[in-house]
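Let's take a friendly walk through a protein model together. Have a look at the picture first, and then read on.

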Amino acid sequence: MKKFCVNCGNTLDEGIKFCTKCGQQVLEPASETPIIQPMNKETTFNPVQKQEIKTSKHDVLDFIKKNKIALAIGCLVIIALIFILNRNPLSGTWVAQKDDDFPGTVKIAGNNLEANISVEGNHFKLKGKLKKEEENLYSLNLLDTKISGEIKDFYDSYSSEQEFVEEVIDNIASEIPIDETQIRQVLKGFDKKGNNLVFSVDVSKISKQAVGSLVQGVASRFTKLNITKISNNLINVTFQGQKIDLIKK
């Protein structure tokens, strides 16, 4: 009857004292049943086990192929839930019932706000991010916005663009303790188009780099705009004590 090594399961020849494979001392009586050791890094890979792993991978791929429509629908449902849960209740396009109250539109998507205003051929655009203060109440700090636009026939009052720049420098320098270099940095966002003034200014950079923390701290008390949701079709905008009701377009 064949005998096997108690350590590695190797078949043993009659009369030997040590296993020829692992060197284990042969004790009498030697095991008559082969011992299967657990697989480790040095153990030879069993081809049957390899085939089972391959079969398992193929089963997963077959499942995906057969259920790809259901999986796609599941992914879409998850994405839709994420969108709904993170959707700003103010999202939409809002306008005033009368142009005299607010001659423009306010578009809100997520936390992004864009306001477009047109007055007598003059156009203004403001972009910023809303901050949630509490349920159905959001605020916008105008010092953290980007403002652009075009003012019609602006240079009718000036003989040249340089005259406008010098007047701005004189007026600002007399009110705010910043030097001319900082003021000119602000004016880089202003340009002349025919006789119109066009501008595109990142106010957040101006307030931090040019105006300075002191002026920013003082001005921030007057530049916070609040938006409150009254209903699904009505919001209220409050700025410096003035209130404007906007309806969903």
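## Contacts along the chain

Two residues are in contact when heavy atoms of theirs lie within 4.5 Å. With that in mind, take the contacts between residues at least 6 apart in sequence: 44% of them join residues at least 24 apart. Please remember that this is a predicted model.

## The chain as a whole

The chain has 249 residues, and 25% of them are buried. Its accessible surface is about 17,700 Å², with 55% of that belonging to carbon and sulfur atoms. As for secondary structure, there are six helices and 14 strands.

## An open sheet

Strands of a sheet pair through backbone hydrogen bonds, and the pairing can be parallel or antiparallel. Here, 12 strands build an open sheet with antiparallel pairing. If you trace the sheet across, the order is β7-β8-β12-β13-β14-β3-β4-β5-β6-β9-β11-β10. At the edges you find β7 (131–134) and β10 (190–193); each has a single partner strand, so one side of each is left without a neighbour in the sheet. From one strand to the next, the twist averages 20°.

## Salt bridges

Side chains of opposite charge can pair when their charged atoms come close. How many salt bridges does the model have? The count comes to three.

One of them brings together the side chains of E114 and K127, at 4.0 Å from N to O. This pair links distant parts of the chain, with E114 in strand β5 (residues 112–119) and K127 in strand β6 (residues 122–129), 13 residues apart. E114 is partly exposed, at 21% relative accessible area, and K127 is partly exposed too, at 40%.

Another salt bridge joins the side chains of E133 and K224, at 3.6 Å from N to O. These residues are 91 apart in the chain: E133 belongs to strand β7, and K224 to strand β12 (residues 224–231). E133 counts as partly exposed at 33% relative accessibility, and K224 as partly exposed at 41%.

There is also a salt bridge between the side chains of K132 and E135, at 3.7 Å from N to O. Is E135 buried or exposed? At 60% relative accessibility, E135 counts as exposed, because the cut-off for that is over 50%.

How values were computed
Residues numbered from 1 in each chain as written. Predicted model: local features only at pLDDT ≥ 70, side-chain atom pairs only at ≥ 80, totals over all residues. Heavy atoms only, no water. Helix = DSSP H or I, 4+ residues; strand = E, 2+ residues; numbered from the N terminus. Buried < 20%, exposed > 50% of the residue type's maximum accessible area, 1.4 Å probe, protein only. Areas by Shrake-Rupley, 256 points an atom, 1.4 Å probe, with all protein chains shown as cover. Pairing = 2+ DSSP bridges. Axes fitted to C-alpha atoms, helices over the stretch in contact; angles between N-to-C directions.
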